[in-house]
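Biologist: I have a model open and would like to go through it with you. Could we begin with the ligand site and then move on to the fold?

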Amino acid sequence: PPQVLEAETATFVVGCVVENNWPGYTGTGFANCDNTGGSGVEWTFTAQQAGSTNLTVRYANGGTTNRPAALAVNGTIVSTPVFGPTGAWSAWQTVTVQTPLNAGTNTVRLTATSATGPANLDSLTVGGDAGPPSGTD
Ligand code: GCU
């Protein structure tokens, strides 16, 4: 089954805080990381077997500009997702990346590549379907 890893319990790379002032998050809140390049979070988890797997990031961007990021798996950047505006800070959408994982421990590090910082980050789902590309809850 898919593993849902919350952002608020991830390792914070730079200057993130846990907040819960915008509804619609899962778990107990979301990570609001600094609006600066390099800020973001890192998740560590165990995969039962090696293989190509969907990684789905759930985020909100209530601003008006794109927030580009780098997604590194086990230290290698495998994708550069762009967290576009979602219309409101309470409107959450997902971006899915398909990537190989190792059997055993893996890390997924998601960091901003511009001074905008990342979006507000809710969770990372490991495994499961991609879901609608711009679904809102
Ligand atoms: C607002 C919003 C925050 C968000 C921030 C941003 O301050 O309330 O949740 O993180 O904008 O621009 O990143």
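This is a predicted model: local features need pLDDT of at least 70, side-chain atom pairs count only at pLDDT 80 or more; totals for chains, interfaces and linings use all residues.

Biologist: Understood. Which residues surround the ligand?

Modeller: The ligand is surrounded by Trp 22, Asn 32, Asn 35, Gly 63, Trp 89, Gly 117 and Asn 120.

Biologist: How many of the shell residues are nonpolar, polar or charged?

Modeller: The shell contains 2 nonpolar and 5 polar residues, and no charged ones.

Biologist: Let us turn to the fold. How many helices and strands does the chain have?

Modeller: The protein chain has 0 helices and 12 strands.

Biologist: And what are its overall dimensions along the principal axes?

Modeller: The C-alpha atoms fill a box of roughly 40 × 30 × 25 Å. The radius of gyration is 14 Å, which agrees with the value near 14 Å for a compact globule of 137 residues.

Biologist: What share of the residues is buried?

Modeller: Buried residues make up 34% of the 137 residues. As for contacts with a separation of 6 or more, 75% of them are between residues 24 or more positions apart.

Biologist: Which residues have the most contacts inside the largest nonpolar core?

Modeller: That core has 25 residues, and those with the most contacts inside it are Ala 31, Val 41, Val 57, Tyr 59, Leu 110 and Leu 121. At least two core residues come from each of strand 4 (30-32), strand 5 (40-47), strand 6, strand 7, strand 11 (104-112) and strand 12 (120-126). Strand 6 gives the most, with 4 residues.

Biologist: Take Val 41, then. What is Val 41 in contact with, leaving aside its neighbours within four places in sequence?

Modeller: On that basis, Val 41 is in contact with Ala 7, Ala 10, Thr 11, Phe 12, Val 13, Cys 16, Ala 31, Cys 33, Leu 110 and Leu 121.

Biologist: How many bridges join strand 5 to strand 11?

Modeller: These two strands run antiparallel and are joined by 8 bridges. One of the residue pairs is Thr 46 with its bridge partner Thr 105 in strand 11. Strand 5 is also joined by 2 bridges to strand 2 (residues 11-12), again in the antiparallel sense. There, Thr 11 stands opposite Glu 42 in strand 5.

Biologist: Now strand 7 and strand 8. Do they pair in the parallel or antiparallel sense?

Modeller: Strand 7 (residues 67-73) and strand 8 (residues 76-79) pair in the antiparallel sense over 3 bridges. Ala 72 has Ile 77 in strand 8 as its bridge partner.

Biologist: Which residue in that hairpin takes a positive phi?

Modeller: Asn 74 does, in a hairpin with 2 residues between the strands. Its phi is about 50°, although Asn 74 is not a glycine. Most residues other than glycine have a negative phi.

Biologist: Why does Asn 74 count as partly exposed?

Modeller: Asn 74 counts as partly exposed because it has 14 C-beta neighbours inside 10 Å. The buried class needs 20 or more, and the exposed class 12 or fewer.

Biologist: What about Pro 68?

Modeller: Pro 68 lies in strand 7. With 16 C-beta neighbours inside 10 Å, Pro 68 also counts as partly exposed. Apart from neighbours within four places in sequence, Pro 68 is in contact with Thr 80, Val 82, Thr 113 and Ser 114.

Biologist: Changing topic to Ala 60: is it buried or exposed?

Modeller: Ala 60 is buried, because 26 other C-beta atoms lie within 10 Å. Ala 60 belongs to strand 6 (residues 51-60). Beyond its neighbours within four places in sequence, its contacts are Trp 22, Thr 86, Trp 89, Ser 90, Ala 91, Trp 92, Ala 119 and Asn 120. Among these, Trp 22, Trp 89 and Asn 120 also belong to the ligand's surroundings.

How values were computed:
Residues are numbered from 1 along each chain as its sequence is written. A residue is near a molecule or strand if its C-beta atom, placed from the backbone, lies within 6 Å of it. Ala, Val, Leu, Ile, Met, Phe, Trp, Tyr, Cys and Pro count as nonpolar, Asp, Glu, Lys and Arg as charged, and the others, Gly among them, as polar. Two strands pair if DSSP finds at least two bridges between them. Two residues are in contact if their C-beta atoms, placed from the backbone, lie within 7 Å. The radius of gyration is taken over C-alpha atoms; the globule rule is 2.2 Å times the number of residues to the power 0.38. A nonpolar core is a set of buried Ala, Val, Leu, Ile, Met, Phe, Trp, Tyr and Cys residues joined through C-beta atoms within 7 Å.
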